[in-house]
Amino acid sequence: MKQRLFSLQGIGLLLTAAAVLPLGIAVALRGSSGKVSAATEAETAAAKRAAYNEKVNANYNDRFSPERHFLPSLMTTDTDQFIDPKDFPTAQYCGRCHKEAQHQWRESAHSNSNRAPWYLRNVDMLKDTKGVEYTRHCEGCHDPVAMVAGTLTQGADKRRPFDADGVTCSVCHSIQKTDTRGTGSYVLAVPAVLVDENGARITRQVSDLEILTHLDRHKAAVMQPLYKTPEFCAACHKAALPRDLNDYKWQRAISLYDEWQNSSFAKQSPLPFYVKDSVSTCVTCHMVREKISLPDPGAKNGELASHRWLGANTIIPQYYGYDEQAKKIVEFLRSNYINVDLFALEHGSDGKDVSAPLGMQSFEVKPGELITADVVLQNKGIAHALVPEQRDFYESWVDFTVKDKAGKVLFESGFLQPNGDLDPRAHSFTNRLINPDGIQNREHQVWNNKIVAYNNTIQSGRSQLVRYAFHMPAASSGPVTLTATVRYRRFNQHFMDFGMKKTGNDHYPQPVVEVVSTSRTIQVGKNGRTEPVPNENPDWMRWNNYGIALLDAQQYAASLDAFKHVAALRPTYADAYTNQAIAEFFWQRYSEAANHLREALKLSPGNARAQYYLALVQRNTGDLEEAIALLRQVIVTFPRSRDAHRELGFSLYQLHRYAEAKEEYLKVQGIDPDDLAAHYILSILYRRLGDKEMAAKEAATFNDQKDDPSANSFALSFLNLHPEIANESVFWHAHEIDSDQDHIQGSLPTNFTATQN
């Protein structure tokens with residue numbers, strides 16, 4: 001047979017199991033007296049669903065909209081009606097055939113999305129604070145079956161028939177449509193594991209024999225091209241906090257899809273600093289094919305697209321005892337996604353005498369000299385930010401140590417304190433959510449957020465500079481070793497203890513993963529050239545990453561100098577000149593920027609990145625027509641570049657070509673429906689084109705989504721009370737790690753375990 005995916009033995013086992021099959025499948029396997037017409041089946045299913053819908057509606061709290069039952073989540077169903085949870089096949093049902101997929105899924109974050117105690121503690125806080133109907137904002141992605149079942153309302157029993165399944169197989173494989181607004185922006189239908197001969201979904205209970213007889217129809221029911229796209233993942237891995245949730249205003253929460261779409265991995269934007277050879281999507285990284293150990297007809301050549309969705313959730317496998325998942329997550333985190341470079345030493349307090357790049361030149365250090373080590377962190381292999389998603393309670397940081405020749409720690413930034421809290425002055429990839437009382441929301445109370453006081457991350461393909469100042473020991477003390485390590489644990493200790501209901505001195509231990517580390521040894525006196533350290537980038541790339549980090553730190557002169565080194569080392573590299581132009585542009589030196597860009601275009605004719613920035617230069621110097629022509633060329637190469645469409649739209653707007661400008665901003669909204677500039681300019685364009693209704697709609701959305709300027713005072717008040725955090729919010733600062741004894745401590749307290757290296 002053409003589609004023979006099961007062995008005869010496997011079919012026999014399935015038939016033998018019929019007596020204990022869920023959903024009444026055993027009855028179907030025994031045969032029926034005759035076929036029921038497709039029309040009759042559809043009518044029966046519709047009547048059954050209508051009856052369930054009427055039953056739920058009788059007591060359902062439609063606080064936010066009588067037509068949109070699931071707000072504040074943006075999820076909905078194909079008919080806007082509820083779905084009986086009994087219509088969802090369990091993961092155990094799917095796992096009778098897809099054993100390997102179910103095994104992998106069971107250990108994943110998707111499987112455990114609605115039952116982990118820390119999640120329940122947080123969502124129960126929202127329920128107790130505002131009401132169970134507000135939890136729909138979270139549960140639309142964490143517990144879709146509960147959502148569509150209508151159980152998230154007052155008086156309903158939250159425990160469902162298979163509550164432990166979380167985001168189960170039949171949820172993802174029954175989604176019919178998504179968009180890129182996020183916050184659960186998907187359309188869910190009644191699950192079907194088979195379609196009929198006309199392609200219509202069969203939502204009744206079907207027998208295994210029917211599936212095995214029509215494997216092509218089974219695949220058509222449970223698989224569609226949408227499931228392999230980033231837009232599918234964007235439905236939940238992008239989110240906002242709407243006014244319905246916080247009674248305040250719309251706020252962006254997470255934006256992984258946008259970060260990917262702007263990255264070099266997507267190949268949809270000309271702006272990344274580096275270029276990838278091929279497109280990588282969410283599936284490329286998070287569903288890599290792995291060898292199967294259990295039977296699964298979905299496998300090809302003994303490998304299955306991983307249903308572990310490996311990421312960074314290290315606490316679920318520890319809590320539930322999933323040792324295999326834990327091991328694979330650590331391997332995943334260490335897969336050369338981040339590069340750490342001890343790039344330079346600044347001598348003295350003025351930072352003018354710099355030895356760089358370390359290893360490639362000789363330098364001298366004096367006894368007791370003040371040294372500042374420049375550490376460059378490169379997000380080289382992640383298609384989104386480091387750290388993504390809820391960085392207010394996820395925790396990744398830099399642990400920087402200075403050790404003597406015996407290995408004793410002399411100075412350290414980034415240690416864990418005895419109670420498990422991170423050194424408050426560590427360089428961490430985090431943010432601070434501040435509530436209307438000016439206090440930090442430490443338990444992830446996103447529904448009570450006024451402003452983000454501080455937000456630190458490294459976007460895909462970009463770099464960040466971290467500086468550590470310390471005094472060299474006396475000459476007789478021997479050499480010292482500098483080590484910079486990026487560490488990660490799922491939650492900060494405060495949230496972990498909150499989630500596990502730990503109090504006082506009782507703390508819940510978490511695994512701490514050493515993601516990447518690099519070291520260099522220096523000594524008082526002369527230091528010569530050294531061999532490259534493991535995984536060291538070539539010199540031109542080290543300078544380039546340094547320049548990118550300086551550029552993002554708004555150190556334009558120093559950034560320009562770094563990019564000049566890149567051009568000297570690699571004179572035919574067009575981006576070396578484009579990068580110089582970017583530094584000049586932000587410095588508002590447009591003539592110099594134009595010269596660099598023309599040099600880049602000589603080396604790489606038609607280079608869209610150089611064309612984009614030259615268009616901005618031309619517009620800023622008054623040549624709007626040339627800017628428009630250049631941006632149109634960029635769009636030919638990158639038709640989904642939101643930046644190119646946005647800048648083209650603005651240039652057309654400046655020339656009063658309103659209809660053309662509107663079309664460009666609509667294209668921006670087609671990529672990102674929440675683009676703030678698009679809402680603002682469209683509110684003006686619609687008004688000038690005579691469409692007052694659309695103008696008012698766009699203006700209202702802009703007013704809701706724009707930053708609240710009055711909220712800055714809350715951030716400033718918080719930062720004034722926390723100088724260690726305020727210091728981190730200053731781009732060009734140094735961690736003075738030998739300024740007091742509090743910083744000279746061991747890295748991990750004895751009662752906290754680190755994942756083995």
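This is a predicted model: local features need pLDDT of at least 70, side-chain atom pairs count only at pLDDT 80 or more; totals for chains, interfaces and linings use all residues.
Reader: Is cysteine 94 buried or exposed?
Author: A residue counts as buried when its relative accessible area is under 20%. Cysteine 94 has a relative accessibility of 19%, so this residue is classed as buried.

Reader: Which cysteine has the sulfur closest to that of cysteine 172, and how far away is that sulfur?
Author: Cysteine 172 is itself buried, at 18% relative accessibility. Its closest cysteine sulfur lies too far away for a bond. The partner and the distance are cysteine 236 and 8.1 Å.

Reader: How many disulfides does the count come to?
Author: The sulfur atoms of cysteine 141 and cysteine 236 are 2.2 Å apart. The cut-off for a disulfide is 2.5 Å, so this pair qualifies. The count of disulfides comes to one.

Reader: What is the hand of the link between cysteine 141 and cysteine 236?
Author: The two residues form a disulfide. The angle about its S-S bond is -95 degrees, and the link is left-handed.

Reader: How many residues apart in sequence are the parts that cysteine 141 and cysteine 236 tie together?
Author: Cysteine 141 sits in helix α7 (residues 136-142). Cysteine 236 is in the loop between α12 (230-234) and β6 (238-241). The pair therefore joins parts whose separation in sequence is 95 residues.

Reader: How do helices α23 and α25 run relative to each other?
Author: The axes of α23 (residues 608-620) and α25 (residues 642-654) come within 11 Å and cross at roughly 20 degrees. Angles under 35 degrees count as roughly parallel. The two helices are therefore roughly parallel.

Reader: Which residues of α25 make the contact with α23?
Author: The crossing of α23 and α25 is left-handed. On the α23 side the contact is made by Tyr612, Leu616 and Arg619. By class, the contact of the two helices has four nonpolar, two polar and three charged residues. The residues asked for in α25 are Asp643, Ala644, Glu647, Phe650, Ser651 and Gln654.

Reader: How do α24 and α25 run relative to each other?
Author: Helix α24 (residues 624-637) packs with α25 at an angle of about 155 degrees, their axes 9 Å apart. Angles over 145 degrees count as roughly antiparallel. The two helices are therefore roughly antiparallel.

Reader: How many nonpolar residues does the contact of α24 with α25 have?
Author: The crossing of α24 and α25 is left-handed. Residues of α24 that meet α25 include Leu624, Ile628 and Leu631, and those they meet in α25 include Ala644, Leu648 and Leu652. Besides three polar and two charged residues, the nonpolar ones in this contact number nine.

Reader: How is α20 oriented relative to α21?
Author: The axes of α20 (residues 556-569) and α21 (residues 574-586) come within 9 Å and cross at roughly 165 degrees. With the limit at 145 degrees, α20 is therefore roughly antiparallel to α21.

Reader: How many charged residues are in the contact of α20 with α21?
Author: α20 passes α21 in a left-handed crossing. Among the contact residues are Lys564 of α20 and Glu584 of α21. The contact divides into nine nonpolar and three polar residues, while the charged ones number two.

Reader: In which loop does valine 387 lie?
Author: Most peptide bonds are trans. The bond from leucine 386 to valine 387 is cis, with omega near 0 degrees. A cis bond also runs from leucine 71 to proline 72, with omega near 10 degrees. Valine 387 is in the loop between β13 (370-379) and β14 (395-403).

Reader: What is the relative accessibility of asparagine 535?
Author: Asparagine 535 has a positive phi of about 65 degrees although it is not a glycine. This asparagine is in the loop between β22 (525-527) and α19 (539-552). Asparagine 535 counts as exposed, at a relative accessibility of 60%.

Technical notes
Residues are numbered from 1 along each chain as its sequence is written. Side-chain values use heavy atoms; hydrogens and water are left out. Axes are lines fitted to C-alpha atoms, for helices over the stretch in contact, and angles run from 0 to 180 degrees between N-to-C directions. Helices (H or I, at least four residues) and strands (E, at least two) are DSSP runs, numbered from the N terminus. Angles under 35 degrees count as roughly parallel, over 145 as roughly antiparallel, 65 to 115 as roughly perpendicular and the rest as oblique. A crossing is left-handed if the near helix is turned anticlockwise from the far one by less than a right angle, and right-handed if clockwise. Contact means heavy atoms within 4.5 Å. Ala, Val, Leu, Ile, Met, Phe, Trp, Tyr, Cys and Pro count as nonpolar, Asp, Glu, Lys and Arg as charged, and the others, Gly among them, as polar. Buried means under 20% relative accessible area, exposed over 50%, partly exposed in between (1.4 Å probe, protein chains only).
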